[in-house]
Number of protein chains: 2
Amino acid sequence: MSTFGRARGVASNFISYTRQPSILRMALNGERSLLITNGTMSCQGNGVSKRGKVLSLETMNPHIRVMEYAVRGPIVQRATQIQKELEKGVSKPFPSVIKCNIGDAHAMGQKPMTFLRQVIALCTYPALLDDSNFPSDAKQRAQRILNGCKGGSLGSYSESIGLEIIRNDVAEYIKRRDGGLESNPKNIMLSAGASEAIRVVLKMLVSGEGKGKTGVMIPIPQYPLYSASLAEIDATQINYYLDEDNAWSLDMAELQRSINEARKHCTPRAIVIINPGNPTGQVLSRQNIEDIIKFAYKENLFILADEVYQDNVYAPGSKFYSFKKVLHELGPDYAGQELASFMSTSKGYMGECGLRGGYCELVDIDPDAQAQLFKAVSAKLCPTVSGQAVMDVVVNPPQEGEESYELFQKEKKNVLDTLALKAKVVADGFNSLEGVTCNTVMGAMYSFPNITLPQKAIDKAKEMGKQPDLFYAEHFLEEAGVCVVPGSGFGQRDGTYHFRMTILPSVELIHDVMDRFKKFHANFMEKYGDGESSLNAKM
Amino acid sequence: MSTFGRARGVASNFISYTRQPSILRMALNGERSLLITNGTMSCQGNGVSKRGKVLSLETMNPHIRVMEYAVRGPIVQRATQIQKELEKGVSKPFPSVIKCNIGDAHAMGQKPMTFLRQVIALCTYPALLDDSNFPSDAKQRAQRILNGCKGGSLGSYSESIGLEIIRNDVAEYIKRRDGGLESNPKNIMLSAGASEAIRVVLKMLVSGEGKGKTGVMIPIPQYPLYSASLAEIDATQINYYLDEDNAWSLDMAELQRSINEARKHCTPRAIVIINPGNPTGQVLSRQNIEDIIKFAYKENLFILADEVYQDNVYAPGSKFYSFKKVLHELGPDYAGQELASFMSTSKGYMGECGLRGGYCELVDIDPDAQAQLFKAVSAKLCPTVSGQAVMDVVVNPPQEGEESYELFQKEKKNVLDTLALKAKVVADGFNSLEGVTCNTVMGAMYSFPNITLPQKAIDKAKEMGKQPDLFYAEHFLEEAGVCVVPGSGFGQRDGTYHFRMTILPSVELIHDVMDRFKKFHANFMEKYGDGESSLNAKM
């Protein structure tokens with residue numbers, strides 16, 4: 001089909017296509033560009049006869065060169081390109097591109113929480129504190145935050161670990177969340193989104209060489225922030241596979257296998273758990289969390305609990321348990337277990353990705369090491385103070401009886417109820433099709449269906465030098481206009497194929513997405529399947 | 001004197017006192033804390049008999065352990081403590097603490113630019129676009145930025161290198177600044193303050209081991225972001241000394257000496273220049289910049305031009321020249337020279353530190369390497385979008401004829417004129433005293449006076465195991481309530497002593513600071529000097 005022409009042409013070189021498009025372009029021109037560079041230089045009479053660039057693919061930081069970040073990979077760039085083609089009137093078999101590649105709620109049309117934005121606007125432009133159109137509780141929150149800022153301005157630096165008043169509110173929030181378990185503001189560090197805090201904690205843990213080098217256990221499938229960060233800081237990535245047959249839970253035998261193998265070539269020092277799961281959407285049971293903590297304790301591992309989706313739990317019977325609370329309830333036998341828990345303003349019901357709010361709670365870290373961690377962030381000056389203020393609203397929302405309480409609750413409920421509905425629509429839709437299975441989307445913002453690809457498609461993809469799930473996802477984009485991320489970007493068991501699709505488009509659009517998927521998948525199976533059952537839905 | 005008791009007690013251990021206070025506390029308790037940890041662990045029957053912490057001073061990332069960041073060091077923590085003591089009614093020989101340690105204008109009472117905050121408030125809470133109290137040009141700017149955001153919200157992620165519309169505006173700004181020299185938005189990367197971009201460019205440059213390891217030339221005195229970042233990424237810091245006798249300019253013989261020595265043990269690949277200078281306040285002449293570029297070209301060095309103070313030029317006859325413009329005007333002989341120029345919203349006349357806006361322009365970088373750099377930032381998702389919007393206002397301010405033009409110009413002029421006045425007051429004040437000399441504060445936000453310390457004070461400091469300039473700065477804080485940063489935090493020639501003091505307090509406060517300094521310095525000289533001329537002012 002002609003709509004595939006461009007992607008196919010580009011994708012004929014696998015290595016190139018796994019990179020960003022701008023790199024791709026350069027990779028294709030690599031030799032020529034090098035020649036030009038040398039040519040220019042050798043013409044110049046500065047005494048350096050063959051002066052090349054100081055910074056090049058050959059001389060650059062090798063750890064950055066190997067890192068990848070699939071969520072913003074080439075398929076996303078291609079989606080943007082197709083959207084632009086549509087806008088220019090190019091004919092496609094679909095009217096619009098629907099981007100289901102990234103957990104970016106506002107980009108998909110979700111409206112900001114009114115109260116949250118009122119507070120931030122008031123903090124930004126305090127003249128509005130005299131405006132009678134703003135509710136009194138929003139003004140009170142804003143004034144309180146401004147009182148905590150030096151010079152009463154969001155424009156002054158905060159402490160490097162964040163404003164004290166907001167760290168206090170975060171600690172109160174955690175205490176409420178965990179049923180009264182104490183949280184000390186001195187162990188809270190605010191950050192620009194969760195990613196920044198995750199990176200700095202990982203960085204703290206890196207040391208050693210050879211067999212002594214730090215290894216970090218991460219789930220497969222994983223959120224590629226982890227693989228990218230570990231590559232960048234030159235730590236060893238240790239894969240443990242989530243159990244797809246058991247709702248993507250963590251299997252203790254698999255954790256043991258993973259660490260035993262890793263010990264042959266590195267020193268495992270930390271384990272990352274993402275709960276609720278990204279890209280897999282599971283919500284871990286209390287028992288599973290207990291087992292993981294016991295495992296980490298036994299194996300002397302620092303726990304990084306990525307809990308940014310703690311508000312995103314949809315499946316009946318599922319509940320979010322924080323690692324901190326479960327650890328505490330395991331009692332003194334597990335006292336001293338080191339834990340860092342991460343939270344973000346980008347997810348949940350607020351979806352404030354662009355404003356970059358986040359925090360990290362450190363539990364039972366060696367005080368010297370914690371002081372070093374706080375020193376490490378001091379050269380970054382401070383996380384965005386308006387992002388910190390966003391986090392303050394999230395952890396300190398309007399209370400019953402306050403002017404904005406009802407609207408806040410209504411908006412929050414609306415977002416979460418709609419996400420729950422879409423989680424079900426998407427999983428049910430996938431499971432109604434031959435060759436597609438999808439675990440219940442218990443939480444987070446993603447479905448991660450398993451696609452049984454026909455051998456002919458796998459062979460065709462390999463012939464083109466690309467991952468079969470990328471081949472499939474490219475077809476989905478080019479034929480149906482839906483942008484998803486191939487499972488290979490997150491990792492998956494060999495021989496299985498998935499993609500990650502967010503549940504963030506509106507209910508109407510999600511139905512559109514599923515309709516497009518059904519048609520596309522049927523066409524794909526007809527083209528590459530054995531021609532028998534592949535076109536029939538299961539029910 | 002009794003006010004020194006606390007600081008002296010603490011400071012009797014030099015190593016402890018050069019760290020953050022929280023580390024200090026732990027360092028004093030180091031052994032005990034370790035015993036407790038081991039004790040707790042060995043009581044627990046988990047099969048790991050002596051389970052210590054995974055993360056400790058011994059096991060942590062050694063590169064983070066060695067890094068230091070003086071601007072937020074212990075003397076600043078002590079200043080905060082003294083302020084709290086004053087608030088509690090503790091008697092001190094001064095009524096208030098004046099913090100002159102950090103370039104944080106709003107913290108020192110500078111008011112935000114009205115137009116800037118209006119635009120950000122409008123972007124944050126678009127319902128205000130219907131508010132007749134906001135000027136039309138602010139609304140137009142805000143709507144334009146929102147049109148560039150996915151979903152029309154600051155809460156959606158931008159491209160990792162920043163919103164396209166803002167990168168376009170940055171390129172236009174640079175073109176205007178440099179007299180029409182083209183700037184390509186594709187070479188612009190927005191960042192959370194300049195620091196983030198500086199770190200990622202430095203990180204790109206790190207490779208090799210032993211003699212092959214990347215060395216980066218930095219000025220001494222320097223802004224400690226550089227030494228801290230180089231320590232963290234394990235690059236070799238190469239010091240070149242600024243010429244204090246020639247207005248802190250760069251001396252070519254010194255650059256040559258520095259690189260020649262460095263080549264014996266590492267591979268110099270980049271040079272950092274801070275212009276206008278931090279902490280030294282110089283504004284480089286055009287000739288000096290030409291010479292530096294020629295040097296970098298000859299020695300095959302990547303240039304990092306920290307130009308965040310480009311709006312802060314005060315001295316008559318001084319002018320800011322961008323490295324990019326000078327490089328271009330040097331003509332084809334120097335074509336291909338790699339350059340990264342950094343800018344921030346934290347400095348200038350706006351002083352929006354907490355909102356974290358910044359950009360980097362990349363000039364003549366190898367396209368493959370630039371693509372890798374952009375890939376490296378993709379895992380960070382994006383810099384704060386509201387910080388990006390702040391940068392947009394800075395590069396795209398109200399134009400003549402627009403509603404907010406006059407107020408904007410008035411506010412800007414007021415800030416810059418006042419800074420120029422204070423720059424003169426401070427330098428003149430220092431130069432009026434025996435044993436104190438201070439170069440003209442030509443630009444930036446800092447004075448960096450040279451103090452001739454009496455031998456007795458130097459001996460006393462050394463006896464206490466601390467740097468003489470720290471000893472002096474501590475006395476200044478404890479006796480006069482003024483917080484400055486010792487020169488040793490920035491680096492200085494052996495045997496010279498300085499401190500960095502911002503010119504950010506209000507005119508009234510700056511006079512107060514200088515009065516306090518004169519009295520303090522006289523007392524100090526009386527106590528530690530030879531008892532003759534030290535009390536007499538020069539004039």
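**Exercise 1. Determine the handedness of the crossing of α12(B) and α13(B), and describe how these two helices are placed.**

Step 1. The crossing of α12(B) and α13(B) is right-handed. A crossing is called right-handed if the near helix is turned clockwise from the far one by less than a right angle, and left-handed if anticlockwise. Helices (H or I, at least four residues) and strands (E, at least two) are DSSP runs, numbered from the N terminus.

Step 2. The model is predicted: local features need pLDDT of at least 70, side-chain atom pairs count only at pLDDT 80 or more, and totals for chains, interfaces and linings use all residues. Side-chain values use heavy atoms, without hydrogens and water; residues are numbered from 1 along each chain as its sequence is written, while chains are lettered from A and ligands numbered from 1 in the order in which they are written.

Step 3. Helix α12 of chain B covers residues 252-262 and helix α13 of chain B covers residues 286-299; their axes come within 11 Å and cross at roughly 25 degrees. Axes are lines fitted to C-alpha atoms, for helices over the stretch in contact, and angles run from 0 to 180 degrees between N-to-C directions. The helices α12(B) and α13(B) are therefore roughly parallel to each other (under 35 degrees; over 145 is roughly antiparallel, 65 to 115 roughly perpendicular, and the rest oblique).

Step 4. From α12(B), the residues Met252(B), Leu255(B), Gln256(B) and Ile259(B) meet Asn288(B), Asp291(B), Ile292(B), Phe295(B), Lys298(B) and Glu299(B) of α13(B). Contact means heavy atoms within 4.5 Å. The residues of this contact comprise five nonpolar, two polar and three charged (nonpolar: Ala, Val, Leu, Ile, Met, Phe, Trp, Tyr, Cys and Pro; charged: Asp, Glu, Lys and Arg; polar: the others, Gly among them).

**Exercise 2. In what order do the seven strands of the open sheet in chain B lie, and which are the edge strands?**

Step 1. The order is β2-β8-β7-β6-β5-β3-β4 in chain B, and the pairing is mixed. Two strands pair if DSSP finds at least two bridges between them.

Step 2. The edge strands of chain B are β2 (188-191) and β4 (236-241), each pairing on one side only. Direction ignored, neighbouring strands of this sheet are turned by 25 degrees against each other on average.

Step 3. Strand β3 (residues 214-220) of chain B runs parallel to strand β5 (residues 267-274) of chain B, and four bridges join them. Opposite Gly215(B) stands Pro268(B) in β5(B).

Step 4. Helix α12(B) lies across β3, β4 and β5 of chain B, and it runs at about 155 degrees to β4(B).

**Exercise 3. Is strand β7 of chain B enclosed or open to the outside?**

Step 1. Six of the six residues of β7 (residues 339-344) of chain B are buried, so this strand is largely enclosed by the rest of the structure. Buried means under 20% relative accessible area, exposed over 50%, and partly exposed in between, with a 1.4 Å probe and protein chains only.

Step 2. In a regular strand the side chains alternate between the two faces of the sheet. In β7(B), Leu339(B), Ser341(B) and Met343(B) point one way, whereas Ala340(B), Phe342(B) and Ser344(B) point the other way.

Step 3. Strand β6 (residues 302-306) of chain B is joined to β7(B) by four bridges, and the two run parallel. Ser341(B) in β7(B) is the bridge partner of Ala305(B).

**Exercise 4. Where in chain B do Trp248(B) and Arg356(B) lie, and what are their phi values?**

Step 1. Trp248(B) lies in the loop between β4 and α12 of chain B. Although Trp248(B) is not a glycine, its phi is positive, about 60 degrees. With a relative accessible area of 3%, Trp248(B) is buried.

Step 2. Arg356(B) lies in the loop between β7 and β8 (358-363) of chain B. Arg356(B) has a positive phi of about 55 degrees and is not a glycine. Arg356(B) is buried, with a relative accessible area of 3%.

**Exercise 5. Describe the crossing of α18(A) and α20(A).**

Step 1. The axes of helix α18 (residues 455-463) and helix α20 (residues 507-528) of chain A come within 8 Å and cross at roughly 80 degrees. That makes α18(A) roughly perpendicular to α20(A).

Step 2. Lys456(A), Ala457(A) and Lys460(A) of α18(A) make the contact with Phe524(A), Lys527(A) and Tyr528(A) of α20(A). These residues divide into three nonpolar, no polar and three charged.
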